[in-house]
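Morning, everyone. Let's walk through one structure together.

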Amino acid sequence: MYRQLYDWFRRAIIAGQLRPGQRVPSTRSLAAELKISRIPVLNAYEQLLAEGYLETFVGAGTCVASSIPDDTLNPAARKALKGSPEVAGKLGPRRISYRGVAMTQLPVQSWLNIVGPFRASLPALDHFPIAVWSKLVARHSRKPARGIMGYGDAMGYRPLREAIAEYLGTVRAVRCNASQIMVTTGSQQGLQLSAQVLLDPKDRVWIEEPGYPSARQAFIAAGAHLVPVPVDDEGMKVREMIRRGHSARAVYITPSHQYPLGMTMSATRRMLLLNWAVRTGAWIIEDDYDSEYRFGSRPIASLQGLDTDARVIYVGTFSKVMFPALRVGYVVVPKDLLPAFSAARDAADVFSATLYQAVLTDFIREGHFARHIRRMRMLYMERRKELVKAIRIEMGDMLEVTGAEAGMHLAALLPPGINDVAVSKRAAQRGISATPLSTCYLRPPARSGLILGYAGANALQIHDGVRKLRMSV
Ligand SMILES: Cc1ncc(COP(=O)(O)O)c(C=O)c1O
């Protein structure tokens with residue numbers, strides 16, 4: 001009742017029905033008139049007085065504030081305030097920043113927001129050891145240490161940073177110590193912070209063509225100028241760019257498992273890229289997003305591990321090895337850049353939620369993490385085989401599988417002339433989430449195709465999914 005009264009008076013004042021200086025009824029008489037208790041009326045008046053809509057004068061009672069600005073009372077403002085805020089937007093497009101406009105240019109694939117088979121990047125959620133995880137969450141939330149509830153370090157929870165540094169050193173041949181690890185809310189934030197710290201507007205950034213669309217988004221948000229560099233079996237065609245004298249302030253690269261085509265960057269190209277970066281003072285942003293899953297051979301060592309000049313910013317994530325909604329990733333920051341990265345993080349969102357960092361630390365330290373990865377590696381290897389088999393049986397004449405035996409997705413090329421966006425939309429109507437390959441290109445692609453995630457689907461779903469995919473081509 002108090003809220004209704006408050007709203008009514010506020011609207012009446014803004015709409016000009018009650019004029020500045022006009023007396024409003026006393027609380028007693030209004031309560032009597034409305035046949036309600038005086039308390040809601042008193043509360044509403046008190047709120048309106050506190051917000052400056054009403055004022056009181058000894059002897060004169062309560063009046064509409066005389067200081068309500070005139071422009072609040074003009075007809076357009078009155079009209080706009082009567083309805084919901086959207087009404088004001090109908091006056092026409094309003095000016096936003098160039099970056100804001102640029103960010104909306106990327107294709108939105110809302111039809112892919114279904115949890116059907118082949119969703120790229122989705123792990124096998126039903127195989128996650130949720131009982132263990134819940135126990136650890138309970139352990140930390142039942143009796144939280146002071147440090148878990150207060151403000152934390154912009155770089156992250158120290159024990160987790162130590163666990164990550166140790167893991168990266170042994171498994172990914174990354175050379176770093178714990179002080180260089182920044183815990184982020186996923187790779188995306190790692191890319192965004194890197195772009196913010198390293199790039200000025202209009203700086204050129206080489207990106208893989210085709211490449212990871214969300215990385216494009218992070219660089220566009222920093223005002224960068226994207227330069228697509230084609231990839232072949234050995235990864236990004238670095239030599240061509242250097243020979244043609246193309247310069248760049250930074251390069252974004254997925255050397256261990258190229259996204260989306262899946263090849264591994266050759267040692268020669270890695271050396272070439274590192275030498276070029278040292279010579280020209282460019283930064284290399286290495287996105288190592290799913291290297292834990294390599295089926296035929298041992299995981300490929302990181303590019304960062306070969307870097308002797310600290311030009312590589314190494315970005316990683318727990319989205320694939322744990323689950324995406326955890327929103328935990330990390331950046332390995334060269335030592336001289338630590339103050340800038342830390343300040344950028346402080347400005348962005350201060351630091352990552354400490355509770356899940358503490359839980360994840362225990363999950364790693366107690367061996368659950370390594371065990372989970374080992375299990376998922378076996379499972380994903382089986383699922384990949386199953387998908388390749390299903391494609392061969394059902395769509396051998398239509399899809400050409402590319403990429404190394406690694407990761408959680410594969411790319412499959414469609415026959416020339418077939419529109420992959422149309423196929424993807426038709427597949428979505430059948431409950432299948434197949435990302436169109438063309439959306440990974442900055443320039444119009446020569447071939448279209450589909451990116452098919454296999455980690456989140458079992459054998460039955462894979463075979464059924466491929467059949468549905470066939471019907472969608
Ligand atoms: C190339 C690449 N990098 C990073 C990520 C993970 O992003 P995030 O850690 O922000 O969930 C993905 C997931 O789709 C990816 O495909």
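Start just after helix H11, at Gly223, where phi is positive, about 85°. Keep in mind that this is a predicted model.

Now step back into helix H11 itself. It covers residues 213–221. Is H11 enclosed or open to the outside? Count the residues: 7 of its 9 are buried, so the rest of the structure largely encloses the helix. The buried ones are Pro213, Ala215, Arg216, Ala218, Phe219, Ile220 and Ala221.

What do those buried residues pack against? On the helix side, H6 (98–103) and H10 (187–198). On the strand side, S4 (204–209), S5, S7 (250–253) and S8 (283–287).

That brings us to the sheet. It is open and has 8 strands. Read the order with me: S3-S10-S9-S8-S7-S4-S5-S6. The pairing is mixed. Quick reminder: strands of a sheet pair through backbone hydrogen bonds, either parallel or antiparallel.

Which strands stand at the edges? S3 (181–184) and S6 (235–236). Each has a single partner strand, so one side of each has no neighbour in the sheet.

Strand S5, residues 225–232, runs antiparallel to S6, and 2 bridges join them. Asp232 has Gly235 in S6 as its bridge partner.

Last topic: cysteines. A disulfide is a covalent bond between the sulfur atoms of two cysteines. How many disulfides are counted here? The count is 0. Take two cysteines as examples. Cys63 has 6% relative accessibility, so it counts as buried. Cys440 is at 2%, and therefore counts as buried too.

How values were computed
Residues are numbered from 1 along each chain as its sequence is written. This is a predicted model: local features need pLDDT of at least 70, side-chain atom pairs count only at pLDDT 80 or more; totals for chains, interfaces and linings use all residues. Side-chain values use heavy atoms; hydrogens and water are left out. A disulfide is a pair of cysteine sulfur atoms within 2.5 Å. Buried means under 20% relative accessible area, exposed over 50%, partly exposed in between (1.4 Å probe, protein chains only). Two strands pair if DSSP finds at least two bridges between them. Helices (H or I, at least four residues) and strands (E, at least two) are DSSP runs, numbered from the N terminus. Contact means heavy atoms within 4.5 Å.
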